[in-house]
Every structure is written in C-alpha cells, then in structure tokens.
Amino acid sequence: NGICLTSAKSALFVDLPANMVGSLLMGMLQSGLVLGLANSNNVPIAWLPIGHRFQGMDAIHLAFRTGFCGSITTFSSWNTQMVTLLTGSSQGAAQAIFGYIIGLELALASYTIGKHIAILGHRYLNPLHAREADIMVNNNSSTMTPEHAHHFVYHRDLPDFERHYLTNVFYKEEAEQLKEDIPILMEELEKWKKSTEDHRNLSNNVRGDLSNIERCLLVEEDEPNDLMLNVAQQAGWDVDALRRYVHGKNSSNECKDGSTLVDDKSYRSEFSSSSPVVDVDHAVFAAVVLLVTCGLLLSSALLTEGREYTSQNYQVFCISGLFAMPGALMRWRLSKLNGKLQGKYQWVPVGTFIANVTASLISISVTVVLDKFSSDLPYWGVISLVAVKTGLAGSLSTVSSFVAEVDQLLKSFPVHVWGYIYAAGTIFLACILCVTIYAPVI
C-alpha cells in the first residue's frame, strides 16, 4: 500500500535514496578547507560554531564520514543491479546506462547541496566570519569602503577577535559596546590600531613587518626581534600598547558578561593537533561497546523465531550489521592508499577505487551463487550470503566518499579532467568485471 519510488528492475535502483541521503550528509560534514572558506579553513566541521567542543573530536568526525555516511551509501549494490539489468533483457542496456548516469548525478547533486547547507550553517552560526569572508570577496571591488580596504592574507593566523577588530569586521556599534565591556584592554588595542592603520593598506612596503609583529605578540606570545622593533619605531607604531594588551588579555580572558574575549584561543590550542591522542579509557570503552553490539546483533538473529519473510529480513538485518563493521574498517584502511601512487597518477584515490571495485566483485559473486544454488544451501547459509552482500560488500564500497573525491578532482577542471576520468573509470571497470562474472552463468 506504500508509494514505490524505486525498483530492482528499474534504472531508479533500490539504493538510490540511501546514496542521496549519505552523499547529502557527507557534504554537510565537510571542513572549512574543503568548502573553500578562506578565513575558516582550519575548521573541521564548517557548519558548527568555531569554538564548539565537537570541533575537536577527530575520531567522531571520522566515524560519521567514513563509517556512517560510507556505510549508508553503497556502490556495490548499485553496480550489481545495473549489471543484472544490463544482462537481463534487450532493453536492459539503456536502463543500466541511465541508472549509472542518474545514480552519479543525483549523488553529486546531493553532495553539493550538503556543502551548501554547511556553508549556510557556517554563516549563520559564525556571523563575524561570514562578514569577514564577504569583505575578502569584495576586496578588489570598486565599491569597497576605505575602512575595509585591507588585504586579509596577513591576518589569517591571528586570533579571531583581534583579526576582526584590527580589520574593521566589527560594526561600529559592536566596537563601541566592546569598549564599554572591557575598557582597559580595548583602549590598548585601539592605541595599537590607530598607530598602525596608515600602514595596513596592501601597497605599503612595511606591512609584512606589521604582520610579523602581530604574529609574534598575539599568536606566538614572543618578543619581536630588534629589526622588527626598529621598523616599528621608525613607523611610529605603539608596540608597548600591544604588549600591554597581550599581558592584560592573558591575565583576564573574560568580558563583563562572562563570555570569552578571544573565542578561538582554546580552539586553536586544544583542537588543532594533526595527530589525535589515543585515550586508553576511550579505546577500552569502544572495545566494550563493539563486543556488546556484536553480541546483541548475533543473539537477536539467532533468537528470532520463524522463517517467514519478515523474520528473514530481520535476521539478514542483524547478520548484515556484523559484516558491516569489518567492511567499513577495511575501506578506512584502504583509504590511506589514496594519493600513494607515484608520478602522474598520484591524483588517483586508489584506495577508494580498490574498495568499490572489490566490493562490486564480492556482491556480484554472491548474487551468482544465490541465483544458481540457493535451493541447495542451508537456511543460515542463504541468510549469511545475503548478509555478506548487504553488509560486507555494501559497507566496503561507498558512494559518499566516491562523489566527494570526484567533486574535489573536478576543481582542477578544465586544466585536468581527473574527476571525469575517475568517475567513468570506476563505473566502467566495475561494470565490465562484474558482467564477465555474471553473464556466463545467467
């Protein structure tokens, strides 16, 4: 009685909605670097606030992107259905070709929409960064106001608060409110800003020295060298005011209302590590959760009574969950091969390519066995094979990571057509190999 949108005998293949949802979520979970947020390229999850605690949970980011999104989507089942269509009838070739095209295009479109949602979320939850990005985009515009005529590249590594204040990202009323909330600190920062504002335009030949002094005191919390100080003295910069500001900021990092003055300092120190630390307690907890989950899935499958269609589906669901975990882990390990090829083929995401083609071969092989020998197999043998096809092959393959890589490679177009080569090559090779296995035995 439900609405049937997809079919096992149609170009609108059964897993199309799952691939679209997984690709959409993958787009939403991208970092500022992938989304091209020039002033927020170090943000792991772009649509969250910059200082949100979830930004530092690298293992959870990996679990959502590789584990969750990668396992929701499936390249192997998509390819298997297209191969069965291709070899099934005279009209199957047209349906299969159309199925490959719409499967790829809708997944790419979903991924792009997910990225746009992430960008909109970033702008809504981080309004100052959005304002700064707009100023950067309009930096060469004839409508640029004089107070915004700054080049932001020298300020990207400064803490957000100081960068926004020194480059006039704050509105006038916001700046005035800050001066009321933290008058002593803002007085010193304003002295530094006033003494340096004539040297912040793009063409000034001492701008590099200005940015180096700000980097030393505000980022590295170190004293500028004598050469920098000589330039500052000749230019009339009030370095003492900036020193007093840094000292006062370190002594008290809160505004009147209790909010932190420099909202990204803790973020940079706590979350910017490129090598996540393995916590023994977390590892033990994860192992316990894994064992409990496996036990629950296995016991649920074995304790389900009856062999009617509903019970079979439930049993397949549970056993597929057991096979999905090693499938996702193998795909994660294979992804470390991406970019490892030498020479002119270094751009190829070889790990994802191997995962998708291998999973497709597993899926079509299981399909052949089930089509030819299912009546001779024991009940649990059939259940296990279906679970291998759905769980192991489905989780070993991925459409979400596949389209994310295609999207990234397409950024080099038209200089390179890597994205088209990778997408067409993966689909073509998986199709041809699976047809050679399936066609002779149908």
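Okay, let's start with a pair of side chains: E132 and R163 meet in a salt bridge, with 2.6 Å from N to O. E132 sits in helix 6 and R163 in helix 7, residues 160-166, so this pair ties together parts that are 31 residues apart in sequence. Are these two buried or exposed? E132 counts as buried, at 1% relative accessibility. R163 is buried too, with a relative accessible area of 1%.

Before I go on, keep in mind that this is a predicted model.

R123 pairs with D134, and the closest N and O atoms are 2.9 Å apart. R123 belongs to helix 5, while D134 belongs to helix 6, residues 127-137, and the two are eleven residues apart. R123 counts as partly exposed at 34% relative accessibility. D134 is partly exposed as well, with a relative accessible area of 33%. For the whole structure, the search finds 13 salt bridges.

One more of those, with another geometry. E176 and K179 meet in a salt bridge at 3.9 Å, N to O. They are three residues apart in helix 8, residues 172-181, so about one helical turn separates them. Why does that spacing matter for direction? An α-helix has 3.6 residues a turn, so residues three or four places apart point the same way. E176 is partly exposed at 37% relative accessibility, and K179 is partly exposed at 28%. This pair also belongs to a network of salt bridges that links E176, K179, E190 and K194.

That brings me to the annotation around there. UniProt, in an unreviewed entry, places a "coiled-coil region" at residues 168-195. In the model, that span is 82% helix and 0% strand, and its end C-alpha atoms are 15 Å apart.

Now the overall picture. The protein chain has 19 helices and zero strands. Of its 442 residues, 42% count as buried. The chain exposes about 23000 Å², and carbon and sulfur atoms supply 63% of that. If you take contacts with a separation of 6 or more, residues 24 or more positions apart account for 68% of them.

So what does the inside look like? The largest nonpolar core has 39 residues, and those with the most contacts inside it are W78, L104, F402 and V403. The elements giving two or more residues to this core are helix 1 (16-28), helix 4 (75-86), helix 5 (92-125), helix 16 (350-373), helix 18 (400-409) and helix 19 (418-438). Which helix gives the largest share? That's helix 19, with eight residues.

Let me zoom in on V403. Leaving aside neighbours within four places in sequence, V403 is in contact with S23, L104, A107, L108 and Y111. There's also a second, separate core of 26 residues, which includes L178, I182, M228 and V246.

V403 sits in helix 18, and that helix is worth a look. Helix 18 is mostly covered, with nine of its ten residues buried. The buried ones are S400, S401, F402, V403, A404, E405, V406, D407 and L409. What does the covering? The cover over those buried residues includes helix 1, helix 3, helix 4, helix 5, helix 16 and helix 19.

M57, I60, F64 and F68 make a nonpolar surface patch of about 340 Å². I60 lies in helix 3, residues 58-72, and is partly exposed with a relative accessible area of 36%. Patch members need over 30% relative accessible area, so I60 clears that cut-off at 36%.

The unreviewed UniProt entry gives "transmembrane region" for residues 283-304, 316-334, 346-370, 377-397 and 417-441. I'll take two of those. Over residues 283-304 the model is 95% helix and 0% strand, with the end C-alpha atoms 32 Å apart. Residues 417-441 come out at 84% helix and 0% strand, and there the end C-alpha atoms lie 37 Å apart.

That's my tour, and I'm happy to take questions.

Definitions and conventions
Residues numbered from 1 in each chain as written. Predicted model: local features only at pLDDT ≥ 70, side-chain atom pairs only at ≥ 80, totals over all residues. Heavy atoms only, no water. Patch = residues over 30% accessible without salt bridge, like charges linked within 9 Å, V, L, I, M, F, W, Y side chains within 5 Å. Areas by Shrake-Rupley, 256 points an atom, 1.4 Å probe, with all protein chains shown as cover. Salt bridge = Lys/Arg side-chain N within 4 Å of Asp/Glu carboxyl O. Helix = DSSP H or I, 4+ residues; strand = E, 2+ residues; numbered from the N terminus. Buried < 20%, exposed > 50% of the residue type's maximum accessible area, 1.4 Å probe, protein only. Contact = heavy atoms within 4.5 Å. Core = buried A, V, L, I, M, F, W, Y, C linked by side-chain atoms within 4.5 Å. UniProt positions renumbered as here; feature names shortened; annotations may be inferred.
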